[in-house]
Amino acid sequence: MPRIIRVGGSSSETSWHEVLKDLRADDVLMLGPGFYYLPQGLTLTDITIKGTGSVPEATTIYGYLSVSEDSRYVTLENLCINTNTDNNCLSVPAETDGYLTLRNCQVKGYNTDTAAITINGKATIELYSTKIIGGSVSMYASADFRLEMNDSEIDYPSDKFCALALEGHGTAIINNSRVHGSINTFDKTNAELDLNNSEVDYVLLHGQTWMNMLNTTVKAKDDACLYLSDDSWSNIVHCKFNGGIYIDKKTHTIIQNSVINRMVVINEAKVTMNNSVVIAHADFQDTADCEATRVTFMGNMDYEYFLALNGAVRLKGHDLVLHPNGAELVVQDDAKLNANILPDHKNDNLNVECDKRPNVYILGMHWTAKKK
């Protein structure tokens with residue numbers, strides 16, 4: 001039968017050290033405001049720990065926790081885990097098959113390459129109104145995971161390490177959350193990533209990754225704030241990219257109702273675009289293939305070309321809008337452009353630099369072919 005154990009400083013409550021000597025499965029620990037020390041860490045099995053303070057930081061555990069191999073669940077609520085040593089704040093071993101749930105918690109890592117939360121086994125990880133600081137949330141190659149992250153935040157901006165690492169096999173669902181840092185998948189990844197109504201600095205996908213991205217902003221202004229590679233498939237709807245997106249290898253990408261600062265598509269990548277805007281520059285290379293419907297390609301003075309095709313690229317456009325803004329369009333090598341343009345008073349004339357004039361077919365506006 002579950003026991004409810006109140007832990008705190010008053011005479012009517014059990015002391016922290018006494019509780020640790022007699023932990024049992026299904027215990028519910030109610031921790032009063034204060035500081036609780038675990039210098040040697042603690043392994044948990046089928047247990048719930050709740051802080052009773054007004055905010056998570058009012059109940060702080062100094063140390064680190066792990067889930068036992070035979071644990072069915074561990075639930076943490078309204079408390080802070082502050083790991084001031086170079087250890088994982090929370091870890092799930094490879095043999096585990098269970099749940100790890102955090103509600104209204106703070107997890108503070110050591111600001112090194114050591115992850116804040118590590119998952120190696122079969123686990124469902126639930127983060128609700130939780131903030132991870134100074135360390136990553138990492139699913140390793142042996143993990144079989146389901147991550148549900150709602151109204152939460154990972155704050156781990158780093159040039160060397162990612163904030164959310166998804167390796168192994170599983171599903172990550174991120175809703176109404178913020179990731180200050182990058183979300184990465186890897187060569188061995190076989191996973192689905194769902195990003196909804198969220199903000200993230202970078203998204204870098206490798207391996208076999210299926211991504212659905214809805215109403216999300218990718219905030220970094222670098223050339224590859226979104227990088228899609230290997231055999232990833234992506235469905236992007238109503239999103240904003242403050243920097244560039246870079247798409248390569250054998251990826252398949254659908255982009256709808258989105259705003260992109262700039263984009264580069266190379267190798268054998270296939271892209272379908274609908275009702276979207278590319279603000280500064282679009283570059284298609286090698287054997288990339290793009291079908292664009294009601295897409296606006298714009299230019300600015302930062303780039304010589306607002307739209308560039310080379311290699312054996314095929315771009316088929318339906319009801320496009322072109323705003324060169326002083327830049328030019330280039331079609332080189334064996335690349336082919338076949339597009340009809342919506343009438344627009346700004347599209348009086350267009351200079352197209354091309355190697356083979358028959359490879360360019362533009363209907364709906366006056367254009368002039370020229371050699372470089």
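A residue is called buried when its relative accessible area is under 20%, exposed when it is over 50%, and partly exposed in between. Arginine 103, at 36% relative accessibility, therefore counts as partly exposed. The model described here is predicted.

**The chain as a whole**

The chain has one helix and 39 strands. Along the principal axes, its C-alpha atoms fill a box of roughly 90 × 35 × 30 Å. Of the 372 residues in the chain, 54% are buried. The accessible surface comes to about 16200 Å², and carbon and sulfur atoms account for 47% of that surface. Among contacts between residues at least 6 apart in sequence, 37% join residues at least 24 apart.

**Salt bridges**

Side chains of opposite charge can pair when their charged atoms come close. In the whole structure, a search finds 13 salt bridges.

| Pair | N to O distance |
|---|---|
| Arginine 24 and aspartate 22 | 3.4 Å |
| Arginine 103 and glutamate 77 | 3.3 Å |
| Aspartate 223 and arginine 262 | 2.9 Å |

Arginine 24 counts as partly exposed because its relative accessibility is 46%, and aspartate 22 counts as partly exposed because its value is 34%.

Arginine 103 forms a salt bridge with glutamate 77. This pair links distant parts of the chain, with arginine 103 in strand 9 and glutamate 77 in strand 6 (residues 73-77), 26 residues apart.

The salt bridge between aspartate 223 and arginine 262 also links distant parts of the chain, its partners being 39 residues apart. Aspartate 223 lies in the loop between strand 23 (217-218) and strand 24 (226-228), while arginine 262 lies in strand 28 (residues 259-265). Aspartate 223 counts as exposed because its relative accessibility is 55%. Arginine 262 has a relative accessibility of 12%, so this residue counts as buried. Elsewhere, salt bridges that share partners join Arg3, Asp22, Arg24 and Asp27 into one network.

**Pocket and cavity**

Rolling a probe the size of a water molecule over the atoms shows where empty space is left. The largest pocket holds about 220 Å³ of space. Its lining has 13 residues, and Ser158, Asp159, Phe161, Ser182 and Tyr202 lie nearest the centre of the pocket. At least two lining residues come from each of strand 19 (178-185) and strand 21 (199-205). By class, this lining has five nonpolar, four polar and four charged residues.

The count of cavities of 30 Å³ or more comes to one. About 30 Å³ of space lies in the largest cavity. Residues lining this cavity include Val67, Tyr73, Val92, Leu100 and Ala123. Strand 9 (residues 97-103) gives the most to the cavity lining, with three residues. The cavity lining divides into six nonpolar, three polar and one charged residues.

**Asparagine 82**

Asparagine 82 belongs to strand 7 (residues 80-82). Is this residue buried or exposed? Asparagine 82 counts as buried because its relative accessibility is 17%, and the cut-off for buried is under 20%. Leaving aside residues up to four places away in sequence, asparagine 82 touches Thr60, Ile61, Tyr62, Gly63 and Lys108.

Conventions:
Residues are numbered from 1 along each chain as its sequence is written. This is a predicted model: local features need pLDDT of at least 70, side-chain atom pairs count only at pLDDT 80 or more; totals for chains, interfaces and linings use all residues. Side-chain values use heavy atoms; hydrogens and water are left out. On a 1 Å grid over the protein atoms alone, a cavity is a set of points where a 1.4 Å probe fits but cannot get out, and a pocket is an open set with protein on both sides within 12 Å along at least five of seven lines; lining residues have an atom within 4 Å of a point. Grid points are joined across faces, edges and corners, and a volume is the space filled by probe spheres set on the points. Helices (H or I, at least four residues) and strands (E, at least two) are DSSP runs, numbered from the N terminus. Ala, Val, Leu, Ile, Met, Phe, Trp, Tyr, Cys and Pro count as nonpolar, Asp, Glu, Lys and Arg as charged, and the others, Gly among them, as polar. Buried means under 20% relative accessible area, exposed over 50%, partly exposed in between (1.4 Å probe, protein chains only). Contact means heavy atoms within 4.5 Å. Accessible areas come from the Shrake-Rupley method with a 1.4 Å probe; for residues, only the protein chains shown count as cover. A salt bridge is a side-chain nitrogen of Lys or Arg within 4 Å of a carboxyl oxygen of Asp or Glu.
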